[in-house]
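Please look over the sequence and the structure shown below before reading on. The paragraphs that follow take one part after another and then return to how the parts meet.

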Amino acid sequence: MADDLMLMLLADARLPVAGHTQSGQLEAAVRSGLTAAQVSVLMRSRLGSVARVEAGTAVVALHRLRAGLPLAPVVDAWAARTPAAPMRETSHTLARALLRLVRRLFPDSPHVADAAGVEGVCRPIVLAAAAAAGGISPASLGRLVAYDDLQTVASAALKLLPLDPLDATSWVHDLLPAADRLATEVAALTSPDEIPAPSAPQLDLWALAHAATTRRLFSA
Amino acid sequence: MTTMPTTSTSEVATGALTRVRVGAVSSGRVRVETEMEGPATAPALRPMLLASDATSARVSLVPDGAMLLAGDRVAVEVEVGEGACLTLVEPAGTVAYDMDGGQACWSVAITLAAGATLLWAGEPFVVSAGADVIRSTAVTLGAGARLALRETLVLGRHGERPGRTSTSWSALDHEGRPLLVESLDLDEASLVPGILGDHRVLGAVTTFGLDLPPDLCRQGRLDLERGGTLWRHLAAEAHELPGEPWTVSSASSRSGGSRSRR
């Protein structure tokens with residue numbers, strides 16, 4: 001089977017993996033004054049930072065799963081590149097939700113079992129396990145991470161700001177080439193040390209601020 | 001990015017290497033070695049011993065020559081021996097000037113032995129319009145080592161457009177496991193939502209090995225996964241950065257240092 005059907009399944013917003021609870025720091029950004037016109041800029045900022053770390057982590061984890069190498073160094077590398085505790089916690093929560101699904105889809109996959117057994121498992125590692133079990137290439141996995149990140153913010157924007165849904169989708173569309181470049185850049189990575197570590201100081205601060213507030217629509 | 005220290009002897013040919021070594025605590029006054037390598041004309045940070053006693057030393061890094069200009073390569077290597085405590089001070093901030101298409105490097109390698117402490121309140125590093133600086137900081141921490149490091153990046157002098165700087169940061173523990181790995185490529189395009197917003201000043205206080213109460217100084221406090229805390233603040237002007245994170249972490253480093261001496 002071609003890997004694009006599996007990719008469509010994993011990229012589907014209707015997947016029961018709690019994606020709708022996430023705004024990718026957009027809610028905190030809007031609270032601090034971000035306007036509708038700036039949402040696509042935020043999406044681009046994420047592609048250059050957190051989505052890059054996540055895609056790199058996923059691709060390296062995929063390589064190590066297929067090569068039978070331990071995943072703990074990948075978790076270490078990801079955590080060292082994710083200084084905001086609320087972002088790490090969000091990733092752990094999403095990893096657990098995704099793991100439930102992936103275990104059901106691939107009950108006999110040793111890769112899924114490997115990912116499930118990792119202490120401090122984060123979302124990109126479970127995505128890597130799904131990719132390993134589902135026959136998805138590293139470049140496709142990178143595109144999946146980047147695309148999902150774009151759609152997460154775009155769909156959250158529709159709940160937070162008065163927007164035309166066609167605008168939100170066109171922002172995603174316009175950033176597809178950037179998502180593709182990101183995936184190409186990380187596709188060949190194999191070592192945890194090589195995972196890109198681009199920081200996004202304001203995203204980190206928004207994640208902190210959002211975790212400290214009780215009045216919110218999205219969990220992160 | 002790589003997690004290897006970027007300082008190598010080949011860089012000495014075109015710039016200056018500043019070395020500060022504090023020996024392990026034994027009997028008598030702590031041993032402090034300071035040296036500079038490189039051509040006399042190259043700009044450098046001249047280490048000047050201000051004070052020392054049985055367990056600690058205080059060294060000032062004094063800029064020698066005009067800096068930072070195109071082609072400058074400033075490297076600083078700091079080693080602190082077992083149980084010893086080093087405080088580094090800078091008499092003034094650093095300004096990287098318009099490099100007219102050129103580039104400069106500023107690299108710092110810190111190696112802390114078991115139970116060693118380094119306290120370094122870095123002064124603002126200003127990246128003027130047209131400046132292009134590669135900055136790297138690589139830290140290796142021995143078991144129980146303590147670090148408190150303050151860094152302030154300012155994009156552009158007052159009322160000026162930002163220059164460009166590529167920064168990389170890595171801290172590894174005594175087993176070689178990463179504690180913090182970060183890179184930031186900053187220029188005018190970084191003044192966007194999510195990266196710097198509309199702030200041209202990025203302040204950081206990075207600490208490792210300090211036992212800080214969890215509720216202390218919550219604003220901008222990023223508690224790292226495997227120990228250590230990074231306080232980060234964005235501001236329009238350097239003087240707007242809050243002083244508390246540094247006050248708290250430097251005080252904790254000192255008290256931690258005295259604990260280890262007993």
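This is a predicted model: local features need pLDDT of at least 70, side-chain atom pairs count only at pLDDT 80 or more; totals for chains, interfaces and linings use all residues.

Helix H9 of chain A, residues 138–160, has 23 residues and reaches 33 Å from its first C-alpha to its last, close to the 33 Å expected at 1.5 Å a residue. Of the 23 residues of H9(A), 18 are buried, so this helix is largely enclosed by the rest of the structure. Helix H4 of chain A, residues 50–67, has 18 residues and spans 26 Å between its first and last C-alpha, again close to the expected value, which is 26 Å at 1.5 Å a residue. Because 15 of the 18 residues of H4(A) are buried, H4(A) too is largely enclosed by the rest of the structure. Just after H4(A) comes A:Gly68, which takes a positive phi of about 70 degrees.

How do H3(A) and H4(A) pack, and at what angle? Their axes lie 3 Å apart and form an angle of about 35 degrees. The residues that make this contact are A:Arg46, A:Leu47 and A:Gly48 of H3(A), together with A:Val50, A:Ala51 and A:Arg52 of H4(A). Sorted by class, the contact of H3(A) with H4(A) has three nonpolar residues, one polar residue and two charged residues.

As background, strands of a sheet pair through backbone hydrogen bonds, either parallel or antiparallel. Strand E1 of chain B, residues 16–22, runs antiparallel to E2(B) and is joined to E2(B) by six bridges, and B:Arg21 stands opposite B:Glu33 in E2(B).

Further along chain B, strand E15 (residues 201–208) and strand E17 (residues 229–235) run antiparallel and are joined by seven bridges, with B:Leu234 in E17(B) as the bridge partner of B:Leu202. E17(B) also pairs with strand E16 of chain B, residues 221–223, in the antiparallel sense over three bridges, and here B:Leu222 stands opposite B:Leu230 in E17(B). The hairpin of E16(B) and E17(B) has five residues between the strands, and in this hairpin B:Gly227 takes a positive phi near 95 degrees.

Finally, the two chains meet in a contact that takes 28 residues from chain A and 27 residues from chain B. On the side of chain A that touches chain B, the elements giving two or more residues are helices H3 (39–48), H5 (72–80), H6 (85–105) and H11 (201–212) of chain A. H11(A) gives the most to this side, with six residues. The residues of this side of chain A divide into 18 nonpolar, four polar and six charged.

How values were computed:
Residues are numbered from 1 along each chain as its sequence is written. Chains are lettered from A and ligands numbered from 1 in the order in which they are written. Two residues are in contact if their C-beta atoms, placed from the backbone, lie within 7 Å. Helices (H or I, at least four residues) and strands (E, at least two) are DSSP runs, numbered from the N terminus. Ala, Val, Leu, Ile, Met, Phe, Trp, Tyr, Cys and Pro count as nonpolar, Asp, Glu, Lys and Arg as charged, and the others, Gly among them, as polar. The expected span of a helix is 1.5 Å times one less than its number of residues. A residue is buried if 20 or more other C-beta atoms lie within 10 Å of its own, exposed if 12 or fewer, and partly exposed in between; C-beta atoms are placed from the backbone. Axes are lines fitted to C-alpha atoms, for helices over the stretch in contact, and angles run from 0 to 180 degrees between N-to-C directions. Two strands pair if DSSP finds at least two bridges between them.
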